[in-house]
Amino acid sequence: MTQAPKLRNDCFALPAGVHWTPVEDALALLEARLQTVVDIEERAVDTSDGRILAKAVMAHRSHPPYANSAVDGYALFGGLAQGEHCFELRDGRAAAGDAFAGSVAPGQALRILTGAALPEGADTVVLQEDVFVEGSKLYVNGPLKQGANARSSGEDVEQGAVLFSAGHVIQPQDIGVLVSVGVVQVKVFKTLRVALISTGAELCAPGIDSRLDQIFDANRPMLRAVLQRWGMQVVDMGIVPDDASLVCQALDEAAEEADVILTSGGASAGDEDHMSSILSEKGNMALWRIAVKPGRPLALGMWKGVPVFGLPGNPVAAFVCTLVFARPALMQLSGSSFSDPKALTLPATFAKNKKAGRREYLRARLRNGAVEAFASEGSGRVSGLSWADGLVELPDEAIQVTAGQLIRFIPYSSFGL
Ligand code: AMP
Ligand code: MG
């Protein structure tokens, strides 16, 4: 496969009659509807950090490739019983990168250094601290297990073993493993190109002479940084005022240059919600009223074959919706799979009475093994995003949180930040 298949135009349609979609169902729908949209390329392992494997990778050779010594000491054959044993020391030694050419007969021992190949006839190494040498005699106190201090060939990874499957995101430690087993090139997905658009007549770029009735566009630089952390390529489309033809033009350009479009602002169903009105007119939009706080509806549509995620404009909601909904969706479009962010179960330091009906994410932080929540739940309080180092996830059902009660805390790092 060189050309990724296209998404269907109706891929964001919602089942009829659904009014408020639970988070779980929204995620399941996204998972079912989205697929990889990027092509495959070949890449050197040492420049593949953060890339997503397009094909499973097998070990080209075993690790370790040959039996070798784990310590500095003396190589000999077999296990030793309790008591003193005497060996005849052979001339020469085995060192890493300098194998011993001869063999070691029973009753003989050979000086060996860490990483050196075990000489023929030897399968056990005695630590140099545990011996006494006198001339050509080596004295060892048993017991010593057969195979002690030696690593056998392939004991870590066998040649041909599948190390990683397609969809795996390569980590720095994986690069070490891949190189150890002789893998030089990997097939990975091309980086997902994500266009970012901020919409709103009140928005202006930071740094310019602003009027007090203007709002600095915080979402675009914030989301750009998030996407870059996720290894995606950002196509920055700037700020677009609430004007239908300008919004269309921006979407056209974005669809040319990117694999997916993220917009913020104007996603609800109000008079000034231009993104959702244009997407519903021309972009097969479905307004996803997800039962979640914070977050108003997500406007999901297709623009010229490219999926559009219309996020709420409020920066707290835009951020949380990006982590909770856009992240798994974008990972799936990138060739990886949906996965729940790893959560920790920890005691709360706060009390809260939560009603049934929607899932809630609180800005929260971990201090002394317990979870504190930001004082205000107001979604206008952007500073709470930085005060926090993660989110508390409260279930859809009603819950009465009391201090000391175990709750789910998802550190930002679990969202790839
Ligand atoms: P909207 O979703 O367009 O109704 O916007 C909701 C709120 O978020 C309004 O108070 C907007 O001014 C604010 N807002 C929208 N977009 C941004 C942005 N890019 N940066 C900061 N605030 C924004
Ligand atoms: Mg707006």
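Biologist: What is the place of Ser 334, and is this residue buried or exposed?
Modeller: In this predicted model, Ser 334 has its place in helix H6. Residues up to four places away in sequence left aside, Ser 334 touches Thr 36, Val 38, Ile 52, Phe 189, Leu 192 and Met 232. Buried means under 20% relative accessible area, and because the value for Ser 334 is 5%, the residue counts as buried.

Biologist: Where is Leu 34, and what separates the C-alpha atoms of Leu 34 and Met 331?
Modeller: Leu 34 has its place in the loop between H1 and strand S2 (40-44), and with a relative accessible area of 4% the residue is buried. Leaving aside neighbours within four places in sequence, Leu 34 is in contact with Leu 7, Phe 12, Phe 309, Ala 329, Gln 332 and Leu 333. Although Leu 34 and Met 331 are 297 residues apart along the chain, the separation of their C-alpha atoms is 9.8 Å.

Biologist: Within what arc do the buried residues of H1 fall, seen down its axis?
Modeller: Helix H1 spans residues 23-33, and its buried residues are Val 23, Ala 26, Leu 27, Leu 29 and Leu 30. Seen down the axis of H1, these residues line one face of the helix, because they fall within an arc of 160°.

Biologist: Which residues of helix H3 (residues 219-229) are buried, and which helices are included in what covers them?
Modeller: In H3 the buried residues are Asn 219, Arg 220, Met 222, Leu 223, Val 226 and Leu 227. They lie on the same side of H3, because the arc they cover around the axis is only 160°. Their cover includes strand S14 (193-199), strand S17 (233-240), strand S18 (260-264) and strand S22 (306-311), and also helix H6 (315-334) and helix H7 (383-387).

Biologist: Which residues come nearest to ligand 1, and what share of the area that it exposes alone does the protein bury?
Modeller: There are 15 residues around ligand 1, of which Glu 202, Asp 217, Gly 266, Arg 296 and Gly 313 come nearest. An N or O atom in the side chain of Glu 202 is 2.5 Å from an oxygen atom of the ligand, while polar backbone atoms lie 2.8 Å from a ligand oxygen at Gly 266 and 2.9 Å from one at Gly 313. Taken alone, ligand 1 exposes 480 Å², and the share of this that the protein buries is 75%.

Biologist: Which peptide bond to Pro 143 is cis, and what is omega for the cis bond that joins His 63 and Pro 64?
Modeller: Most peptide bonds are trans. The bond from Gly 142 to Pro 143 is cis, with omega near 5°, and Pro 143 lies in strand S10 (residues 137-144). Pro 64 is instead placed in the loop between strand S3 (57-58) and strand S4 (68-69), and the cis bond joining His 63 to Pro 64 has an omega of about -5°.

Biologist: Are Lys 304 and Asn 368 buried or exposed, and what is the relative accessible area of Asn 368?
Modeller: Lys 304, in the loop between strand S21 (298-303) and S22, has a positive phi near 50°, and Asn 368, in the loop between strand S25 (359-367) and strand S26 (370-373), likewise has a positive phi near 50°. The cut-off for exposed is over 50%. Lys 304 is exposed, with a relative accessible area of 62%, and Asn 368 is exposed, with a value of 84%.

Key: Residues are numbered from 1 along each chain as its sequence is written. Chains are lettered from A and ligands numbered from 1 in the order in which they are written. This is a predicted model: local features need pLDDT of at least 70, side-chain atom pairs count only at pLDDT 80 or more; totals for chains, interfaces and linings use all residues. Side-chain values use heavy atoms; hydrogens and water are left out. Buried means under 20% relative accessible area, exposed over 50%, partly exposed in between (1.4 Å probe, protein chains only). Helices (H or I, at least four residues) and strands (E, at least two) are DSSP runs, numbered from the N terminus. The arc is that of the directions from the helix axis to the C-beta atoms. Contact means heavy atoms within 4.5 Å. A residue is near a molecule or strand if one of its heavy atoms lies within 4 Å of it. A polar contact is a pair of N or O atoms within 3.5 Å; within protein, one must be able to donate a hydrogen and the other to accept it, and residues adjacent in sequence count only if both atoms are side-chain atoms. Accessible areas come from the Shrake-Rupley method with a 1.4 Å probe; for residues, only the protein chains shown count as cover.
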